[in-house]
Amino acid sequence: MSKRPYTGNKDGAAASEHPQLTALWKEIVKAYPALWYNGGWGVRNMRGKESLSVHATGRAVDISWRNMGDGKRGAPKGGRKQAMAAMDYLVKHADALGIEMVIDYFPAPWGRAYRCDRGAWKKYEKSEVHGAPNGDWFHAEVDGKKSAPQIKEFFAANPPPAVTEA
(Lines give C-alpha, C1' and ligand atoms only; values in the text may rest on other atoms or scores of the structure.)
Protein backbone atom coordinates (compact mmCIF):
# COMPACT_ATOMS: atom_id res chain seq x y z
CA MET A 1 0.00 0.00 0.00
CA SER A 2 1.55 3.25 -1.10
CA LYS A 3 1.03 6.72 0.29
CA ARG A 4 -1.03 8.93 -2.02
CA PRO A 5 -2.28 12.51 -1.74
CA TYR A 6 -5.59 12.93 0.09
CA THR A 7 -8.18 14.90 -1.90
CA GLY A 8 -10.75 15.62 0.81
CA ASN A 9 -13.22 18.22 -0.43
CA LYS A 10 -10.81 20.09 -2.75
CA ASP A 11 -12.83 19.24 -5.85
CA GLY A 12 -15.98 20.92 -4.49
CA ALA A 13 -19.62 19.93 -4.76
CA ALA A 14 -20.70 17.47 -7.44
CA ALA A 15 -24.04 17.05 -9.20
CA SER A 16 -24.38 13.40 -8.11
CA GLU A 17 -22.65 10.39 -6.61
CA HIS A 18 -19.52 9.28 -8.48
CA PRO A 19 -19.93 5.97 -10.38
CA GLN A 20 -16.79 4.62 -8.68
CA LEU A 21 -18.43 5.11 -5.28
CA THR A 22 -21.76 3.62 -6.34
CA ALA A 23 -20.06 0.49 -7.68
CA LEU A 24 -17.94 0.21 -4.52
CA TRP A 25 -20.79 0.33 -2.01
CA LYS A 26 -22.92 -2.02 -4.10
CA GLU A 27 -20.11 -4.60 -4.14
CA ILE A 28 -19.53 -4.23 -0.39
CA VAL A 29 -23.18 -4.72 0.58
CA LYS A 30 -23.41 -7.66 -1.84
CA ALA A 31 -20.38 -9.33 -0.20
CA TYR A 32 -21.51 -8.56 3.35
CA PRO A 33 -25.31 -8.90 3.69
CA ALA A 34 -25.48 -7.46 7.22
CA LEU A 35 -24.26 -4.13 5.79
CA TRP A 36 -26.37 -1.56 4.01
CA TYR A 37 -26.04 1.79 2.24
CA ASN A 38 -26.71 4.48 4.81
CA GLY A 39 -26.14 7.46 2.54
CA GLY A 40 -23.79 8.98 0.04
CA TRP A 41 -23.99 12.10 -2.07
CA GLY A 42 -25.63 15.16 -0.58
CA VAL A 43 -24.43 18.75 -0.73
CA ARG A 44 -23.86 19.78 2.88
CA ASN A 45 -21.17 20.87 5.30
CA MET A 46 -19.40 18.48 7.67
CA ARG A 47 -21.37 18.03 10.87
CA GLY A 48 -20.54 20.86 13.24
CA LYS A 49 -18.12 22.54 10.82
CA GLU A 50 -18.16 25.30 8.24
CA SER A 51 -16.39 23.28 5.55
CA LEU A 52 -17.93 21.17 2.82
CA SER A 53 -18.46 17.48 3.55
CA VAL A 54 -16.72 15.01 1.25
CA HIS A 55 -20.22 13.57 0.77
CA ALA A 56 -20.92 16.70 -1.29
CA THR A 57 -18.16 15.75 -3.75
CA GLY A 58 -19.99 12.52 -4.59
CA ARG A 59 -17.02 10.46 -3.38
CA ALA A 60 -18.08 9.49 0.17
CA VAL A 61 -20.48 6.89 1.54
CA ASP A 62 -21.68 5.71 4.93
CA ILE A 63 -22.32 1.98 5.33
CA SER A 64 -24.17 0.75 8.41
CA TRP A 65 -24.67 -2.54 10.18
CA ARG A 66 -27.49 -1.20 12.38
CA ASN A 67 -30.37 -3.69 12.54
CA MET A 68 -33.39 -1.71 11.38
CA GLY A 69 -35.79 -4.55 12.23
CA ASP A 70 -37.32 -4.43 8.76
CA GLY A 71 -35.74 -7.67 7.53
CA LYS A 72 -33.87 -5.70 4.85
CA ARG A 73 -31.26 -3.62 6.62
CA GLY A 74 -28.80 -4.94 9.15
CA ALA A 75 -28.73 -8.26 10.94
CA PRO A 76 -29.45 -9.25 14.52
CA LYS A 77 -25.90 -10.66 14.79
CA GLY A 78 -22.63 -10.38 12.93
CA GLY A 79 -22.93 -6.86 11.59
CA ARG A 80 -19.88 -5.42 13.33
CA LYS A 81 -17.81 -8.45 12.32
CA GLN A 82 -18.86 -7.98 8.68
CA ALA A 83 -18.09 -4.26 8.91
CA MET A 84 -14.60 -5.04 10.22
CA ALA A 85 -14.03 -7.49 7.33
CA ALA A 86 -15.26 -4.90 4.82
CA MET A 87 -13.02 -2.16 6.24
CA ASP A 88 -10.03 -4.53 6.28
CA TYR A 89 -10.72 -5.40 2.63
CA LEU A 90 -11.00 -1.72 1.61
CA VAL A 91 -7.75 -0.78 3.34
CA LYS A 92 -5.87 -3.84 2.06
CA HIS A 93 -6.87 -2.94 -1.50
CA ALA A 94 -6.89 0.84 -1.08
CA ASP A 95 -4.60 1.53 -4.05
CA ALA A 96 -6.46 -0.73 -6.47
CA LEU A 97 -9.90 0.55 -5.39
CA GLY A 98 -8.90 4.21 -5.07
CA ILE A 99 -9.78 4.36 -1.36
CA GLU A 100 -8.65 7.63 0.22
CA MET A 101 -10.20 7.33 3.68
CA VAL A 102 -12.12 4.93 5.90
CA ILE A 103 -13.54 6.13 9.22
CA ASP A 104 -14.59 3.59 11.83
CA TYR A 105 -16.88 5.35 14.32
CA PHE A 106 -17.21 2.41 16.71
CA PRO A 107 -13.98 2.05 18.75
CA ALA A 108 -13.54 3.92 22.02
CA PRO A 109 -12.45 6.44 22.91
CA TRP A 110 -13.06 8.45 19.69
CA GLY A 111 -12.98 6.13 16.65
CA ARG A 112 -10.21 5.59 14.14
CA ALA A 113 -9.46 6.41 10.52
CA TYR A 114 -7.32 5.14 7.65
CA ARG A 115 -6.03 7.77 5.23
CA CYS A 116 -4.15 7.24 1.99
CA ASP A 117 -1.63 10.03 2.69
CA ARG A 118 -0.34 8.20 5.77
CA GLY A 119 -1.08 4.67 4.51
CA ALA A 120 -2.18 3.56 7.97
CA TRP A 121 -4.91 3.65 10.60
CA LYS A 122 -4.87 6.34 13.28
CA LYS A 123 -6.76 5.88 16.53
CA TYR A 124 -8.25 9.21 17.56
CA GLU A 125 -7.29 10.37 21.04
CA LYS A 126 -9.79 13.24 21.11
CA SER A 127 -13.18 13.95 19.58
CA GLU A 128 -12.51 14.46 15.86
CA VAL A 129 -15.49 12.79 14.17
CA HIS A 130 -19.18 13.17 14.99
CA GLY A 131 -20.73 9.86 16.07
CA ALA A 132 -17.74 8.25 17.77
CA PRO A 133 -17.51 6.14 19.80
CA ASN A 134 -20.10 3.39 19.30
CA GLY A 135 -21.25 4.58 15.87
CA ASP A 136 -22.83 1.66 14.00
CA TRP A 137 -21.53 2.61 10.56
CA PHE A 138 -18.33 3.34 8.71
CA HIS A 139 -17.47 6.03 6.19
CA ALA A 140 -15.45 5.45 3.01
CA GLU A 141 -14.07 7.90 0.46
CA VAL A 142 -12.82 7.20 -3.06
CA ASP A 143 -10.51 9.24 -5.27
CA GLY A 144 -12.89 9.58 -8.23
CA LYS A 145 -10.30 8.18 -10.65
CA LYS A 146 -11.80 4.72 -11.25
CA SER A 147 -14.78 3.67 -13.33
CA ALA A 148 -17.62 1.48 -12.14
CA PRO A 149 -16.48 -1.37 -14.43
CA GLN A 150 -12.97 -1.21 -12.94
CA ILE A 151 -14.41 -1.59 -9.43
CA LYS A 152 -16.68 -4.47 -10.45
CA GLU A 153 -13.82 -6.23 -12.24
CA PHE A 154 -11.56 -5.89 -9.22
CA PHE A 155 -14.16 -7.39 -6.88
CA ALA A 156 -14.80 -10.24 -9.34
CA ALA A 157 -11.08 -11.04 -9.47
CA ASN A 158 -10.49 -10.45 -5.73
CA PRO A 159 -13.64 -11.49 -3.85
CA PRO A 160 -13.90 -10.27 -0.27
CA PRO A 161 -13.45 -13.01 2.34
CA ALA A 162 -16.63 -14.46 3.78
CA VAL A 163 -17.53 -13.92 7.43
CA THR A 164 -18.85 -17.22 8.67
CA GLU A 165 -19.62 -16.73 12.33
CA ALA A 166 -21.94 -14.16 13.91
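1. Buried means under 20% relative accessible area, exposed means over 50%, and partly exposed is in between, with a 1.4 Å probe and protein chains only. In helix H4, Glu 153, Ala 156 and Ala 157 are exposed. Helices (H or I, at least four residues) and strands (E, at least two) are DSSP runs, numbered from the N terminus.

2. A word on the model. This is a predicted model, in which local features need pLDDT of at least 70 and side-chain atom pairs count only at pLDDT 80 or more, while totals for chains, interfaces and linings use all residues. Residues are numbered from 1 along each chain as its sequence is written, and side-chain values use heavy atoms, with hydrogens and water left out.

3. Which residues of H4 are buried? Helix H4 covers residues 148–157, and its buried residues are Ala 148, Ile 151, Phe 154 and Phe 155. Seen down the axis of H4, these buried residues fall within an arc of 130°, so they line one face of the helix. The arc is taken from the directions from the helix axis to the C-beta atoms. Glu 153, Ala 156 and Ala 157 are on the other side.

4. What covers the buried residues of H4? The cover includes helix H1 (19–31), helix H2 (79–92) and helix H3 (94–97). Contact here means heavy atoms within 4.5 Å.

5. Now the pair H1 and H4. Two packed helices are described by the angle between their axes and the distance between the axes. The axes of H1 and H4 come within 7 Å and cross at roughly 25°. That makes H1 roughly parallel to H4. Angles under 35 degrees count as roughly parallel, over 145 as roughly antiparallel, 65 to 115 as roughly perpendicular and the rest as oblique. Axes are lines fitted to C-alpha atoms, for helices over the stretch in contact, and angles run from 0 to 180 degrees between N-to-C directions.

6. Next, the residues of this contact. From H1 come Pro 19, Gln 20, Ala 23, Leu 24, Glu 27 and Ile 28; they meet Ala 148, Ile 151, Lys 152 and Phe 155 in H4. The residues of the contact of H1 with H4 divide into seven nonpolar, one polar and two charged. Ala, Val, Leu, Ile, Met, Phe, Trp, Tyr, Cys and Pro count as nonpolar, Asp, Glu, Lys and Arg as charged, and the others, Gly among them, as polar.

7. Look at the loop between strand S5 (120–123) and strand S6 (137–142), where Gly 135 lies. Gly 135 is buried, with a relative accessible area of 3%. Gly 135 touches Trp 65, Tyr 105 and Phe 106, not counting residues up to four places away in sequence. Asn 134 lies in the loop between S5 and S6 too. Asn 134 is exposed, at 56% relative accessible area. Its phi is near 70°, a positive value in a residue other than glycine. Pro 133 is in the loop between S5 and S6, and the peptide bond from Ala 132 to Pro 133 is cis, with omega near -5°.

8. Where is Trp 65? Trp 65 sits in the loop between strand S2 (60–64) and H2. Trp 65 is buried, with a relative accessible area of 10%. Trp 65 and Lys 81 are 16 residues apart in sequence and 9.3 Å apart in space, C-alpha to C-alpha.
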